[in-house]
Amino acid sequence: MSDLETYLEQAYSAELFDRVQAAEHLGSYSPDTHQEVSRALRKLFEDEASEVRQLAFYSLANGQKEDLSLYEQAAQDSAYLVRTAAAEMLGHLGNNEAASELLITLLKDPYYSVRATAAEALGQQEAFLALPALQDALLDSDQWVRYSAAESLNQIEPDSGIWEHVMVLHSTLDTEDGAYQQALEALKTRGDRRIIPTLLFLFKQNSTPQPAILNTLTTFHDYLVIPALIDIALFTENPQMRETALIAAQSLSIPETLKALKSWLDPDYLSYAQRAVELLAQLPMPKEVQPLLQEALSLPDQWIRTVALNALEKQGATVDSQLLAILIKDPSPDLATTALINLARHYPEQLQRYAKGFAQSKTSWKEEALALALRYAPHSLVKDYAAPLMKSSHANTRESLCKSLKYHGSSVQALLLQALEDPESWVRQEAVNALGPLVHPEVTRALLHHLLKDNDFMVRAVTAQALEKHENEPEVSIALRQALKDSSASVRLQALRSLLQQETASSQDIESWFSIPDKAIQLALMYYLSKHSETALSSEIEDHLKATCQSTDLQLASAAQRLLEERHAPTNATAQ
């Protein structure tokens, strides 16, 4: 008996082993020349054993590749093994639209191996029409399916530059892996919105928030991102993920964020309201945010009202004067101070009503509150209260007063000169900052004294900066050059910056200043030379720069190399 006759006999055997043998080996005989082979395989394709049906299908598909009804029957088989075989063999049919449609159907199969094989097969077919279905498969619950979908997308669209990175994301769950991080960075650079669903899926899959994924997501100002992040923020059980998702959502400044935050302004859930107000205060959308911040002022929590009022004040928003009158009396120093400042800014005529009480309280925070509010006060109130506040025993009050007096110009020059002799260095610093714009001989002399004589290096440094505006006085340049020998690097650097702003430095000056062994000064000089190409590089300066190129400090070496290249670069096409 020949082998063919043996296999044909086994096809009708009651023994499972015989039928398996027949289903596997009959496929090596052509049905066209052996009609009985085709009939036997068709019978085996109806066998009760799934492994027999699977092997029979393979054998039939190899001999009857164009018979799509065969694949349709296998795709609807009750056994996942047969459906998987159908998906596998469909991939060998080439770019066949009917086959691709059948594979797209199998992408929804309840068994993961069928879905994964179908995803692979669509890539083999390079089925362009399957792109949307494969992108949906990137959100499959099974990692193998997601990876196969990404792999096929990369086969169909190899020039997109994104799917290879998505494959990496689905090939590992280790978010700290270097390849994982590099893939995210590459996707961020590409900015292709098709990856948004995948990123959101990956974010939800993990029990802890992934900052790198969120960082990538927030580069997409897209309507797909916000609703999903808000959904996470409102309904996930992980509180850390809720907060992280909401922070990511608010950074995109999209209206859905505001809807979510508004729902959190609930007096029965003040912990949510506190977080919502904090986020609202950071949103760069004053027109949309201000109504919600105004609403937050009515919540029964001092901290919430303080944050909301501070945010409104920074945005220059007007709050109802009657409400401010209530908040000014609040026992919370922060809230009452912000309310007083807001009142002075928007209702300056009403400040007189509260100024006397705050000034006479001798309470540190109330004095400081009035000092800050004087920034917006009419000159008459400044005249009445600035001098007494400058004599306050509280240094914070004197410091805050200097900050406010900066906005009242030369009319308060005498008071600021008085503050310049304050025993506290931070008060003197604020006095210097306020006096800087007042170019007056008396002010210049006072600043020169503190540049060279003050015992606090920060006062000397801010004075060197303030003297930048006093360039018409010859003593200023002399003093700034003297300050280049100060014991503090901060003073030396600021003195140099002021000198470079006031006058065009000569090559001789620059040669001399390069001898100062400060990295910051070296970098400042190289930056200046880069921006002032009219200043010639003497041979001494060039030699110094060439030597710096060999420095072990990479920042210095790079800056020197860049400057030399700029100065010696070709200036026309002929030279190039």
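The model is predicted: local features need pLDDT of at least 70, side-chain atom pairs count only at pLDDT 80 or more, and totals for chains, interfaces and linings use all residues. Residues are numbered from 1 along each chain as its sequence is written, and side-chain values use heavy atoms, with hydrogens and water left out.

**Confidence**
- The average pLDDT (the predictor's confidence in each residue, from 0 to 100) is 87, and 93% of the residues score at least 70.
- Residues 571-576 have pLDDT below 50, and this stretch has 2 contacts (heavy atoms within 4.5 Å) beyond near neighbours in sequence.
- Where pLDDT is low, the predicted coordinates should not be read in detail.

**Aromatic rings**
- There are 7 aromatic pairs; rings of Phe, Tyr and Trp (its six-membered ring) pair if their centres lie within 6.5 Å, with planes under 30 degrees apart counted as stacked, over 60 as edge-to-face and the rest as tilted.
- F57 and Y58 form a tilted pair, 6.3 Å centre to centre with 45° between the planes.
- F57 and Y71 pair edge-to-face at 5.7 Å and 85°.
- F57 lies in helix α4 (residues 50-63) and Y71 in helix α5 (residues 68-75), so their pair ties together parts 14 residues apart in sequence; helices (H or I, at least four residues) are DSSP runs, numbered from the N terminus.
- F45, F57, Y58 and Y71 form one aromatic cluster.

**Charges over rings**
- The charged end of R375 sits over the ring of Y407, 4.0 Å from its centre; the criterion is NZ of Lys or CZ of Arg within 6 Å of the ring centre and within 35 degrees of the ring normal.
- K366 is placed likewise over the ring of F358, at 5.6 Å.

How values were computed:
Helix = DSSP H or I, 4+ residues; strand = E, 2+ residues; numbered from the N terminus.
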